[in-house]
Amino acid sequence: GWVVVNGDFVPASEACISPFDRGFLFADAIYEVTTVVSSTLIDFDPHLARLRRSARAIGLALPWEDHDLQTLHKDLVSRNQLDEGYVYLQVSRGAGLRDFAIDEHMTPTLFMFSQARSVMQTSDAQNGIKVITVPETRWAHRDIKTAALLPASLAKQKAKQAGAQDAWFVEDGRITEGSSNNAFIVTKQREILTRDLGQHVLPGITRAAIIRLAEEQGYQVIERGFTVIEAESATEAFFTSATAFAIPVVEINGHQLSSGKPGPVFQAIRAAYLDHVRSQIP
Ligand code: PMP
């Protein structure tokens, strides 16, 4: 398929980025992943707004207008004839001599690719997944969407080795978020809990949409940290991300939640989110 390198469309096999790129040497890069359904970008505007926020947070000036970035996304989707999947965009500081101090005149590197993938109907959404909890080992600014994903990747690997599909990070006894998603639990009183925003979690675009949709459905959503014990004894649990939407969690640290099947609150919320996605397709 086609990829974008610095604004140019090139075949994936011919894409080149310098090994002196600070994205490679320092993980000095930010990224976004926007879901595509029926060749339509879902919630593109908030993804773009978060990209600009991440760029500001690391002092990176983005030399592209919103319109240019949107056109690149749309053109990549149509060139690759992508029906369902996602577009990945990464901006790194650029290439230069290796120096911890940042040269403010570097030209940022832009790299984009698309990936076909089922998102509307998946077996994880149908059956639910198992998670384990692991100590929070990432840096203190999880609210910035940087490409420094090694701790998240190692946590996911640990989950896999333990026979689970994801890991939820724990800091000071409370869950922050999943390795690549925001974590939610449902209490016996049918309240929905998810971590409040701040430096400790990524402000998920899907998290924001799900909170709004859940409240519209009459659920009480409380944004606060919850403990591992609260999670293990929850009635239901689920996580959210742009490419996974909402996925039910049926087991945490070996503790089965209720019936071990996706629960009614999750089902209602996933259905509302699918409507939210469909409403954006022309
Ligand atoms: N937290 C982390 C650490 C993530 O990597 C992601 C996925 N990018 C999310 C949360 C979910 O964010 P979004 O809903 O915007 O995909």
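This is a predicted model: local features need pLDDT of at least 70, side-chain atom pairs count only at pLDDT 80 or more; totals for chains, interfaces and linings use all residues.

Student: In which sense do strand 5 and strand 6 pair, parallel or antiparallel?

Tutor: Strand 5 and strand 6, the latter covering residues 109–116, pair in the antiparallel sense, over eight bridges.

Student: What is the order of the strands in the open sheet?

Tutor: The open sheet has six strands in the order 2-1-6-5-3-4, and the pairing is antiparallel. Its edge strands are strand 2 (8–11) and strand 4 (40–41), each of which pairs on one side only.

Student: Which strands does helix 2 lie across?

Tutor: Helix 2 lies across strand 3, strand 4 and strand 5. Relative to strand 3, helix 2 runs at about 175°.

Student: How is the protein divided into domains?

Tutor: There are two parts to look at: domain 1 (2–116) and domain 2 (123–278). Their C-alpha centres lie 26 Å apart. For the contact between them, 20 residues of domain 1 meet 11 residues of domain 2.

Student: Which elements give two or more residues to the side of domain 1 that touches domain 2?

Tutor: They are strand 3 (29–37), helix 2 (44–57) and strand 5 (85–92). Strand 3 gives the largest share of that side, eight residues. By class, the residues on this side of domain 1 are 11 nonpolar, six polar and three charged.

Student: Why does Gln70 count as partly exposed?

Tutor: The label rests on a neighbour count: a residue is buried with 20 or more other C-beta atoms within 10 Å of its own, and exposed with 12 or fewer. Gln70 counts as partly exposed because it has 15 C-beta neighbours inside 10 Å. Gln70 is found in helix 3, residues 66–79. The C-alpha atoms of Gln70 and Phe44 are separated by 8.0 Å, although these residues are 26 apart along the chain.

Student: How many residues surround the ligand?

Tutor: The shell around the ligand has 13 residues, and the closest are Leu202, Gly204, Ile205, Thr206 and Ala242. Helix 6 (205–216) and strand 13 (236–241) are the elements that give two or more residues to this shell. Helix 6 gives the most, with three residues.

Student: How does the shell around the ligand divide by class?

Tutor: The shell has four nonpolar, seven polar and two charged residues.

Terms used: Residues are numbered from 1 along each chain as its sequence is written. A residue is near a molecule or strand if its C-beta atom, placed from the backbone, lies within 6 Å of it. Helices (H or I, at least four residues) and strands (E, at least two) are DSSP runs, numbered from the N terminus. Ala, Val, Leu, Ile, Met, Phe, Trp, Tyr, Cys and Pro count as nonpolar, Asp, Glu, Lys and Arg as charged, and the others, Gly among them, as polar. Domain bounds come from an automatic or database domain assignment. Two residues are in contact if their C-beta atoms, placed from the backbone, lie within 7 Å. Two strands pair if DSSP finds at least two bridges between them. Axes are lines fitted to C-alpha atoms, for helices over the stretch in contact, and angles run from 0 to 180 degrees between N-to-C directions.
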